[in-house]
Structure formats: structure tokens, C-alpha cells
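Here's a quick tour of one protein, starting with its pocket and then moving on to one of its helices. Have a look at the fold before reading on.

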Amino acid sequence: MNLSMYANLQNKLNSMKGGTKIGEFLLIGLFGMFTLAGLVGLFSGGGIGAAIVAVIFGIVTVVFIKAIPKEKKEGLESWSRLDAVEMSRIDAEAMSAPAFGNALITSDAIIIKRGQGPFALAAKDILWIYGKTVTHKLYGVIPTGKDYSIQVLSRNGGTSTLPSPNARKNRKEQNPMQEDILTLANILKPRHPGIILGFNQQIQAMASRNIGELAQIVDAANAKKQ
């Protein structure tokens, strides 16, 4: 997919925060420097501490390097799920579409800005959207804070994580992500009414047991719109 022909989308993505190729390469360079420092320390008599530093940062560096072609390939392939009509609508909506951190929300796709190129999650592949709260505890006992995010399950079983812009403002509520989930619903569900919203243990069990069964339910509801 050649995104250069979609000027609105390109301009919007350029204005958003998110990963860049330069940022990823700088991060790899930083980890590489720590690895090198560990090796230098090891051969200079730094002992086991230097060896541990070299091994840990060496592994991290290799993982990041290997992730680059995979991320690029996933990004390029993701756009194949969108046809010309959908792409035209995405471009038309792009400049006014809300951004959740590095994610752009349109009626046909959630577009995630990444270092090796944007990733498009087609709305017709979205099955379930729900909020997730992770509580951090000191020594596993003392609460030190919470992280809020929005989880988006797709038909291939993969889950994309989006930030929740309003969660901190609503953190005293039982579901602080609800306002952002409603924003997603208002944009996505008019064209794709089958998308399931909110956490549900039965849906979780079905997704774990047979993602295809869940996809059939969502697809049937979406088909009624057409």
C-alpha cells in the first residue's frame, strides 16, 4: 500500500507522537553502547558484574534488531485488509480523527504509528474492545500506582493495546476507561455494530476457547448493517 497518495493521513500521522525509525536506531545504539561498556569492563577485570551487564544489554540489542524487519513486514501487510473505498474514507476522516497516544481512530481502522511504518488494524477485523487496569505493588503488597489501557482483540487472536487518554481524569470511577471506550464505539460501531464493548468473562472464555466462534458472532452482527 502506497500511503503517499493519502495526504491527509500522512499529515496527521506526522503530527502525532509515536515511534520513529531514528528513535528506534538511537535506542539500539544506546543498548549497544551499554553492551560494549560491559565487554570492556569484563576484559578490564570488572568481573561478574560487567559480564551480566554485557549479556543483558547484548540480548536486548539483538531482540530489538530482530524486531525491526518483523515490525516492518507486519505494518506493510496490515494495509492489505483495506480496500480503496475504506482508504478514501480513512484519508477523509484523518485530520479530524481523535488520537489515542500513537493511535489514530477512524471508522474503518485503528492506525498505530510505529517506527518501521504505521500499522492498520481494520475495523472489520475488530471483535472486542475493553478496558484493563494493572495495579503496581511494592513487594507485592503496597499499591504504588495503576496503569490504564484499552485492549482491542482482532480476529487473528492478537491484542493491540491503546492508551486511555481520559483514564487519569476518571480514575476514581469504577471503569475509568469508559469515556474513551465510548469514543471508540461512536466512531467504529456505526459501520461495525457487531464489535463487543466492555469486559465480559464469557467473552474472554470464548475468545480463549475458540476465537473463530467469536468472530462468527461479530461478523453476523456486522452483516446486518450491510
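A pocket here is an open set of points on a 1 Å grid, with protein on both sides within 12 Å along at least five of seven lines. Keep in mind that this is a predicted model. With that in hand, the largest pocket holds about 320 Å³ of space. Its lining is made up of 16 residues, and those closest to the centre are Phe119, Ala120, Leu121, Ser154 and Asn156.

Which elements each supply at least two residues of that lining? They are helix 3, strand 4 and strand 7, and strand 4 gives the most, with four residues. By residue type, the lining divides up like this:

| Type of lining residue | Number in the largest pocket |
|---|---|
| Nonpolar | four residues |
| Polar | six residues |

Now for the protein as a whole. It has seven helices and eight strands, and 38% of its 226 residues count as buried. Its accessible surface comes to about 12,800 Å², with 60% of that belonging to carbon and sulfur atoms. Take the contacts between residues at least 6 apart in sequence: 59% of them join residues at least 24 apart.

Finally, helix 4, which spans residues 84-93. Its buried residues are Glu86, Met87, Ile90 and Asp91. Down the helix axis these buried residues fall within an arc of 135°, so they line one face of helix 4. Val85 and Ala92, on the other side of helix 4, are exposed. As for what covers the buried residues of helix 4, that includes helix 1 (7-15) and strand 3 (109-112).

Terms used: Residues numbered from 1 in each chain as written. Predicted model: local features only at pLDDT ≥ 70, side-chain atom pairs only at ≥ 80, totals over all residues. Heavy atoms only, no water. 1 Å grid on protein atoms, 1.4 Å probe; cavity = no way out; pocket = protein on both sides within 12 Å on 5 of 7 lines; lining within 4 Å. Points joined across faces, edges and corners; volume = space filled by probe spheres on them. Nonpolar A, V, L, I, M, F, W, Y, C, P; charged D, E, K, R; others polar. Buried < 20%, exposed > 50% of the residue type's maximum accessible area, 1.4 Å probe, protein only. Contact = heavy atoms within 4.5 Å. Areas by Shrake-Rupley, 256 points an atom, 1.4 Å probe, with all protein chains shown as cover. Arc of directions from axis to C-beta.
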